[in-house]
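Q: I have a model open and want to learn how to read its features. Where do we start?

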Amino acid sequence: MIVILTLTMLEVCHLTASYRNHLALQDVSFVLHPGQVTNLLGPNGAGKSTVLKALLGLIPLHSGTILWQKTPFRQHLRRVAYVPQRSTIDWDYPITVENVVRLGRVRQTGWFRDLSPRAKAIARYALDRVGMADYGRHPIGELSGGQQQRVFIARALAQEADIFFFDEPFTGIDHQTEAVLFDVFAQLKAEGKTLLVISHDLGNHLAHYDQFLLLNQTLIAAGSQKEVMCPDCLERAYGKGFFIRAA
Amino acid sequence: MFNPFTFLLEPLQFAFMRDALLMGAILGVLCAVTGSYLIVRQMSMIGDVIAHSVVPGISLAFFWGWDLTLGAFITGLLSAIVVALIEQRSPVKVDAAMSLTLTSFFALGILLIARLRTNQVDLTKLLFGDILEVTPSDVWRTALITLGILLLVKLFYKELLFYSFDPLGAQASGLPVQWLYLGLIGAITLTIVATMQVVGVLLVTALLIGPAITAYLWVKELHQMMILGGILGALATVGGMYSSYYFDLPSGPAIVLVIFSGFVITLLFSPRQGLLTRHWRHPNAQP
């Protein structure tokens, strides 16, 4: 078991990257294990999204290595499902819910081919898992923010990936969607998937995570809730006078 | 007495009208398909940039004795690349980059026309087009370009849908988004080069955007927007040509205004989005 764990983990070593000409990440190192949900947190502008973008190869690295099973992560990007921030999407785009979820099968299908009946079934099942099966024919723009987020979660599920990156999935959503999201996290965890979640929430939901990464340009702390949520670490991340009930 | 058959058939007795109508209908379809991508990627203005930036290419091609289409294609494509580079490599926002690139390429074009003594390039025709000078070989060439682009859109439809809806997600999933962008810009430049003969570089964006955005108010999926937009585009160009024939109007502006009329009617009366339909349904709602 231990052998498998060390083989399939995602190792990030000494990551340094800049975004639009200013240094966003400095010497960030951490490890993600399968079957674990990791919470990446830090103040606004700490570089949380930049970490995801650097992992996904969307921005160039200055230095550092990213390994999956001891080989460059870049070769394994097809195993990754990514849920971007809601603000990056134009919700007036003319597309139905069903077709958004099917986008999760585009890469697996390959060039010059139509989606197979199996791919469509996978998309339908994913939509069902997030409780949105009845909305397939609806335009994405007619849904509430929480419902739209669930559709994007379904798209990620449809990719049948091994690694899941969520960029602020809890922003602007309802309680029902929140519950669905934590359900999905628990299922994926049980399936041995690797999850990295960016979230601002320092409140009641910390119990859903196995590991915490506290970031502000550099990695300030990593580990369990107890290790990361210490007043000293939080002050170093968020500045003096920072106060939370959970700490 | 008004006879609709005579009304419709009379212009068709002239060969130049038949060619022009056919050309207009084909372009109506082509523009709606490529224009749909411009709209959903929120880069309608890039159509205007490319349209103005073909002028230096035409001037140079004329001077060197090349095919004008080739010259137009090269500088049109170049302008879109310049905009993308400025946007990616600097903090300059895209609208400023577009305005500057558009005017600079256009200025270069005018300058080249003056300096290279390519005065035979008729600036008025370049700016406003002249569909009545369309030859059968022009129609053939446009038909081929249209077929080619439609085939490519069909082949890469699911990738282009992903890229145009969620560029970041598409890139993260490993799609070569730079190439998709370049392909899209290439198709749009080709569309503009084919269309400017009909409406001129100043009005070409109307044909690219108008029918597709009108269709957008009626339907809920991209491919429906392309199909309905294509039908509307063909109807609008043909309608514009008939009004140009019967009321002795310049054809390019006539086409553009027919397109705009269709858009305004839709804006007011479309079942889901119409301003007036919504008002009738919920009389007390605030706009």
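A: With the cysteines. This is a predicted model. The count comes to 0 disulfides over all chains.

Q: What decides that count?

A: A distance does: a disulfide needs a pair of cysteine sulfur atoms within 2.5 Å.

Q: Is A:Cys233 buried or exposed?

A: Under 20% relative accessible area means buried. A:Cys233 has 8%, so it is buried.

Q: How does A:Cys13 count?

A: A:Cys13 counts as partly exposed, because its relative accessibility is 24%.

Q: Now strands. Which way do β1 and β4 of chain A run?

A: Antiparallel. β1(A) covers residues 10-19 and β4(A) covers residues 61-68, with 6 bridges joining them. For one pair, take A:Val12, whose bridge partner in β4(A) is A:Ile66.

Q: How do side chains point along a strand?

A: In a regular strand they alternate between the two faces of the sheet.

Q: What joins β4(A) to β5(A)?

A: 2 bridges, and these strands run antiparallel. A:Trp68 has A:Thr71 as its bridge partner in β5(A). The hairpin has 2 residues between the strands. There, A:Gln69 takes a positive phi near 55 degrees.

Q: Which residues form the nonpolar patch on the surface?

A: B:Phe63, B:Trp64, B:Trp66, B:Leu70 and B:Ile74. Together they have about 540 Å² of accessible area.

Q: Which helices supply the patch?

A: α3 (44-64) and α4 (68-89) of chain B each supply at least two of its residues. B:Trp64 lies in α3 of chain B.

Key: Residues numbered from 1 in each chain as written. Chains lettered and ligands numbered in written order. Predicted model: local features only at pLDDT ≥ 70, side-chain atom pairs only at ≥ 80, totals over all residues. Heavy atoms only, no water. Pairing = 2+ DSSP bridges. Helix = DSSP H or I, 4+ residues; strand = E, 2+ residues; numbered from the N terminus. Patch = residues over 30% accessible without salt bridge, like charges linked within 9 Å, V, L, I, M, F, W, Y side chains within 5 Å. Areas by Shrake-Rupley, 256 points an atom, 1.4 Å probe, with all protein chains shown as cover. Salt bridge = Lys/Arg side-chain N within 4 Å of Asp/Glu carboxyl O. Buried < 20%, exposed > 50% of the residue type's maximum accessible area, 1.4 Å probe, protein only.
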